[in-house]
Amino acid sequence: MKEIGYLVKRNSLLFLRERSAVFFSLLSMLIVLALMVIFLGRMNSQTLVDLLSEWGGERDLAADERNAAYLIQLWTLAGILVVNAVTVTLTVTGIMVQDETEKRLAAFYVTPVSRLKLSLGYILSAWLVGTGMCLLTLAAGEGYFALRGYGLLGAGSVLALGGMIALNTFVFATIAYLFALSVHNSSAWSGLLTIVGTLVGFVGGIYLPMDSLSAPVQSALKCLPVLHGASMMREVCTEEAIVETFAGMPQGAGDIFREAMGISVMAGEHKFSLGEQVLILLLYAIIAIVAGAALSRRRKLR
């Protein structure tokens, strides 16, 4: 275990010492947050206010606007946590690609340390750094809500989100390692990062609500871990805000909103439970680990 600990420490420090990588990881988080809150968030909250006025009859417009804005911002925060879980783990795993490009990985392979321990060093370092960055994002979001005068998430919700963040970053760290096994130079890895960073918001139903997508696209997204990771975090983040926002509305209005916004994921009439979504994520992690182990044995360095 000492070797794994040294490798995790080494990989984590390599990422954290690269100030530009850390800076741009934080900057991208802030840019996405600003875009979502200022543009898409405002549009979604106004749509929600219009629906509340249409369905609920005479209502307090000022309270609806405030509740809708808070609800959409919580929904946005949950989506950003998943985006970070994907992009940060990919960035940290890029250290493996750098090691191969600069001939360090070949040196590791001739040491007594097994390839399994080397693999765990890359996966666990991506997991730890990704979890830390997501927790920092959560703290920044809570700070923003406090400055705006909104209520903060309860201790139970924060603990649940912490566990979900750890699960998501571990799953995406294993998938990132599997991707890294098929890439042999830094330029190709940068291209992969750009593609994944662009697509992750769409495949998670983060940039566009689920009801804005066609039925075939929705069915495809329900097979991917990003949507289920985002769904479970949205459920925790928005649970109390939905009750408050839809107070006085017809029964079932909140459920319609949950499905439309990807908070609840449905397969026909069946709603995926939290346990089922956790199993889906763990299944992806197991598949990535098994496939990564098989590829690592046959992988040849360039």
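Which residue forms a salt bridge with Arg-258, the closest N and O atoms being 3.8 Å apart? The partner is Glu-235; a salt bridge here is a side-chain nitrogen of Lys or Arg within 4 Å of a carboxyl oxygen of Asp or Glu. The structure is a predicted model, in which local features need pLDDT of at least 70 and side-chain atom pairs count only at pLDDT 80 or more, while totals for chains, interfaces and linings use all residues. Residues are numbered from 1 along each chain as its sequence is written, and side-chain values use heavy atoms, with hydrogens and water left out.

**Overall architecture**

- The protein chain contains 11 helices and 2 strands; helices (H or I, at least four residues) and strands (E, at least two) are DSSP runs, numbered from the N terminus.
- Along the sequence, these elements follow the pattern α-α-α-α-α-α-α-α-α-α-β-β-α.
- Of the 302 residues in the protein chain, 47% are buried; buried means under 20% relative accessible area, exposed over 50%, and partly exposed in between (1.4 Å probe, protein chains only).
- The chain exposes about 14700 Å², of which carbon and sulfur atoms supply 67%; accessible areas come from the Shrake-Rupley method with a 1.4 Å probe, and for residues only the protein chains shown count as cover.
- Among contacts between residues at least 6 apart in sequence, 79% join residues at least 24 apart, where contact means heavy atoms within 4.5 Å.

**Salt bridges**

- Side chains of opposite charge can pair when their charged atoms come close.
- The whole structure holds 3 salt bridges.
- One of them joins the side chains of Arg-10 and Asp-99, at 2.7 Å from N to O.
- Arg-10 lies in helix H1 (residues 2-17) and Asp-99 in helix H3 (residues 61-101), so this pair ties together parts that are 89 residues apart in sequence.
- Arg-10 is partly exposed, with a relative accessible area of 22%, whereas Asp-99 is buried, at 0%.
- In the bridge between Arg-258 and Glu-235, the closest N and O atoms are 3.8 Å apart.
- Because Arg-258 belongs to helix H10 (residues 253-260) and Glu-235 to helix H9 (residues 225-245), the pair ties together parts that are 23 residues apart in sequence.
- Arg-258 is buried, with a relative accessible area of 13%, while Glu-235 is partly exposed, at 24%.
- Arg-258 also forms a salt bridge with Asp-255, with the closest N and O atoms 3.1 Å apart.
- Arg-258 and Asp-255 both lie in helix H10, separated by 3 residues, about one turn of the helix.

**Nonpolar cores**

- In soluble globular proteins, nonpolar side chains tend to be buried together.
- The largest nonpolar core has 73 residues, and those with the most contacts inside it are Met-233, Phe-246 and Phe-257; such a core is a set of buried Ala, Val, Leu, Ile, Met, Phe, Trp, Tyr and Cys residues joined through side-chain atoms within 4.5 Å.
- Helix H3 gives the most to this core, with 20 residues.
- Apart from this core lies another of 6 residues, among them Met-210, Leu-221, Leu-227 and Phe-272.
- Not counting residues up to four places away in sequence, Met-233 touches Ala-78, Leu-81, Val-82, Leu-161, Met-164, Ile-165 and Asn-168.

- Phe-145 is found in helix H5 (residues 115-147) and is buried, with a relative accessible area of 2%.
- The residues that Phe-145 touches, beyond those up to four places away in sequence, include Tyr-70, Gln-73, Leu-74 and Leu-77.
- The C-alpha atoms of Phe-145 and Gln-73 are separated by 8.8 Å, although the two residues are 72 residues apart along the chain.
- Ser-125 is also placed in helix H5 and counts as buried, at 1% relative accessibility.
- Leaving aside neighbours within four places in sequence, Ser-125 is in contact with Val-8, Asn-11, Ser-12, Val-92 and Leu-120.

**Surface patch**

- Leu-279, Leu-282, Ile-286 and Val-290 form a nonpolar patch on the surface, with about 380 Å² of accessible area together.
- Patches are made of residues with over 30% relative accessible area and no salt bridge, with like charges joined within 9 Å and nonpolar side chains (Val, Leu, Ile, Met, Phe, Trp, Tyr) within 5 Å.
- Leu-279, found in helix H11 (residues 274-298), is exposed, with a relative accessible area of 57%.
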